[in-house]
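Morning, everyone. I have one structure to show, and I'll go through it piece by piece.

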Amino acid sequence: MVGANHTLSTAWTVARLEWQLEWRQGHQLAAVGLFAIASVYVVFQAADQRTGAAAWTAMLWLVYLFSGFTAIGRLFDRERGDVRRYLQWTADPLGLILGKLFHSILTTTALTAVVLSAFILFLGWPQGMEGPGKPGLLVLAAWLGGFSMTTTLVFVSAVASQVRSGSGALGAVLGLPLLLPQLILATRLTRGALSDTPWAMLSEYPLFLAALSAGTATLACILFPYIWRA
Amino acid sequence: MNGAWNWIWKGGGIALLAYVILRGFSTPLQPGLVTASPSALKTGKQVLNLTAVGQPFATPDPSAANFTVVLRAGTQLLRTEIQEVQPHGITVEVNVPNSLPSRTLDAFVFTPTAGTLFLGNACFVEDAAKGDIPAEFRSVRPDETPPQLGFSFPYQPNIMESIRNLLWHVPMWFAMFFIMGLGFVASLAQLRSGAVLWDLRAEAAVRTGITFGLLGLATGSLWARWTWGAWWVSDPQLNGALITVLLYSGYLILRAAMGEDDRVGRLAAVYNVFAFVMLVILLMVLPRYTESLHPGKDGNPGFNKYDLDNSLRAVFYPAVIGWGALCYWMYTLRLRMNRIAHSLLSR
């Protein structure tokens, strides 16, 4: 039981530390938000407010994907050199990854809010839709897709942080193929939310996304100690 | 003893592949109906031409009396009169009644040597009312003669001659699964023991597996062009296959990015374990829960829907073993290269 307590207290400490650093330094989330809003603005300039549902979905997920890379890609940048060696001796690796996962999910939730509101603000609701659409499902699709993306990206950035040169670019390269299944499911769900497809026909996508996230998060937790060990 | 065994499995594998290639390309396809023209009929006397592949009508005595052609609407049969029999086609006159149980007609040709040929949705009657076929237009079901064909592959509409691709495409994916499974086990062993040899094995397996994955994609793309009309379609199985190959390419990129870092073995093993779990999810779990054009999703992949008959089985099973042996041979060669490179570098 001591092990489990140690893991949980490590997770809590790591998550709280990340949060405090975020508030004190404040550049990480701000940088991501800036990236997201600037990207949406470029999309707005190029596509105007007459975007159909297909293009709307494609651009939403591209902006979201690269904002995700920006937000999570540098997750382990602080744990290098001496800090890393210190944490290898003192911190429980499972607790460390759980804390990072928790922090990343909070970040992604904030990112979802920023990207979606920016899309609605600048681009408006997609044009030429058959039905009224389902705003609630759109929010669910964006958040669940982002959640799924995050669990994979945490693993990828943990792997990439071990590579001495150019970890940022490597994270993006490794992350893209790993994220394709999540993105396929998430874009289908988004298209469903922007059409008059009944809920019942879309119910499998959230389940698949949740199952995929749970699977990748579990794998990340199992494999992380091997990455982390010196 | 070991040397002799090596000769047996390598030689046996190559012999099986030679057999598969020869038999796969030399075996004739069973005859089958391809088209009916015109595809839209009107009520009254109409002439219908049915074309076939495999020369089912080139019997020793191609006289009209040996053949019977009937059209089926719903469950009722419509009589036809044969006008002309050619090796590749048969022309019939049909008197289409005003009332039919169904506006689409299936065609059946009963032949003396090639068995019964079937073409579903052969033609469409534009102006028929819904109702029973009047008695004077009807046909009784003719007697069937079992096909007297030698060793031949079954005819499947749309697939036709491309059924031979079954001996390439499917075993290549089987070989990829097999060698990636081997790589997965090697990576687990690497994580457990940390021994370099397991890392070299995993690298060799993944590299060979990617080769077979690319071959599987290429043969699959050819097949898709022939049967579905496009080189690539958005389908759960195809998405999964492409993502799998991309994932494993990521493995090679990760190794290349790490260079001669001594942690490459463990990190690559971690990535490989992750990739294999994704492979199982993408190719074996997800496609079964979503609709797919790709056959073989209702149980054992690749088997049930093809309805493998005995002639196809007699070539397909050797193909699976032959491609598997070739794949394993390529793996052992790559492993030997890896071991030599490793021993040179660590000298």
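This is a predicted model: local features need pLDDT of at least 70, side-chain atom pairs count only at pLDDT 80 or more; totals for chains, interfaces and linings use all residues.

Chain A, then. What does it have, helices or strands? Nine helices and zero strands. Read along the sequence, the pattern is simply α-α-α-α-α-α-α-α-α. The C-alpha trace spans about 60 × 35 × 30 Å along its principal axes. Now the radius of gyration. A compact globule of 230 residues would come out near 17 Å; chain A has 19 Å, which agrees. Of those 230 residues, 44% are buried. The contacts reach along the sequence too. Take the contacts in chain A between residues at least 6 apart in sequence: 85% of them join residues at least 24 apart.

Now chain B, and its sheet. Eight strands form an open sheet with mixed pairing. The order is β1-β3-β6-β5-β4-β8-β9-β2. Which strands are at the edges? β1 and β2 of chain B, each pairing on one side only.

β1, residues 32-37 of chain B, runs antiparallel to β3, residues 44-53, over five bridges. Within that pair, B:Thr35 has B:Thr51 as its bridge partner. β3(B) then joins β6, residues 89-96 of chain B, through eight bridges, again antiparallel. There, B:Leu48 is partnered by B:Val92 in β6(B).

Further along come β4 and β5. β4 covers residues 68-73 of chain B, β5 covers residues 76-86, and four bridges join them in the antiparallel sense. B:Leu71 stands opposite B:Leu78 in β5(B).

B:Leu77 is in strand β5 of chain B. Is B:Leu77 buried or partly exposed? Burial takes 20 or more C-beta neighbours within 10 Å. B:Leu77 has 19, so it counts as partly exposed. Leaving aside neighbours within four places in sequence, B:Leu77 is in contact with B:Val70, B:Arg72, B:Arg138, B:Ser139 and B:Arg141. Compare its position with B:Asn239. B:Leu77 and B:Asn239 are 162 residues apart in sequence and 43 Å apart in space, C-alpha to C-alpha.

β8, residues 104-110 of chain B, pairs antiparallel with β9(B) over six bridges. B:Val109 stands opposite B:Leu117 in β9(B). β8(B) and β9(B) form a hairpin with five residues between them. In the turn, B:Gly115 has a positive phi of about 75°. Then β2(B) pairs with β9, residues 116-125 of chain B, in the parallel sense, over two bridges. B:Ala40 stands opposite B:Phe124 there.

Next, helix α1 of chain B, residues 2-26. The buried residues of α1(B) are B:Gly13, B:Leu16, B:Leu17, B:Val20 and B:Gly24. Look at the spacing with this in mind. An α-helix has 3.6 residues a turn, so residues three or four places apart point the same way. What do the buried residues of α1(B) pack against? α6 of chain B, residues 310-345.

Now the interface. 23 residues of chain B are in contact with 19 residues of chain A. On the chain B side, the elements giving two or more residues are α4 (236-258) and α5 (264-289). α5(B) gives the largest share, eleven residues. By type, that side of chain B divides into 18 nonpolar, two polar and three charged residues.

Last, the cores. The largest nonpolar core has 125 residues. Those with the most contacts inside it are A:Val115, A:Val159 and B:Ile179. α5(B) supplies the largest share of this core, 14 residues. Not counting residues up to four places away in sequence, A:Val159 touches A:Leu174, A:Ile227, B:Leu254, B:Leu267, B:Val270 and B:Tyr271. Apart from this core lies another, of 31 residues, including B:Ala52, B:Ala114, B:Cys123 and B:Ile133.

That's my tour. Questions are welcome.

Definitions and conventions: Residues are numbered from 1 along each chain as its sequence is written. Chains are lettered from A and ligands numbered from 1 in the order in which they are written. A residue is buried if 20 or more other C-beta atoms lie within 10 Å of its own, exposed if 12 or fewer, and partly exposed in between; C-beta atoms are placed from the backbone. Two residues are in contact if their C-beta atoms, placed from the backbone, lie within 7 Å. Ala, Val, Leu, Ile, Met, Phe, Trp, Tyr, Cys and Pro count as nonpolar, Asp, Glu, Lys and Arg as charged, and the others, Gly among them, as polar. Two strands pair if DSSP finds at least two bridges between them. A nonpolar core is a set of buried Ala, Val, Leu, Ile, Met, Phe, Trp, Tyr and Cys residues joined through C-beta atoms within 7 Å. The radius of gyration is taken over C-alpha atoms; the globule rule is 2.2 Å times the number of residues to the power 0.38.
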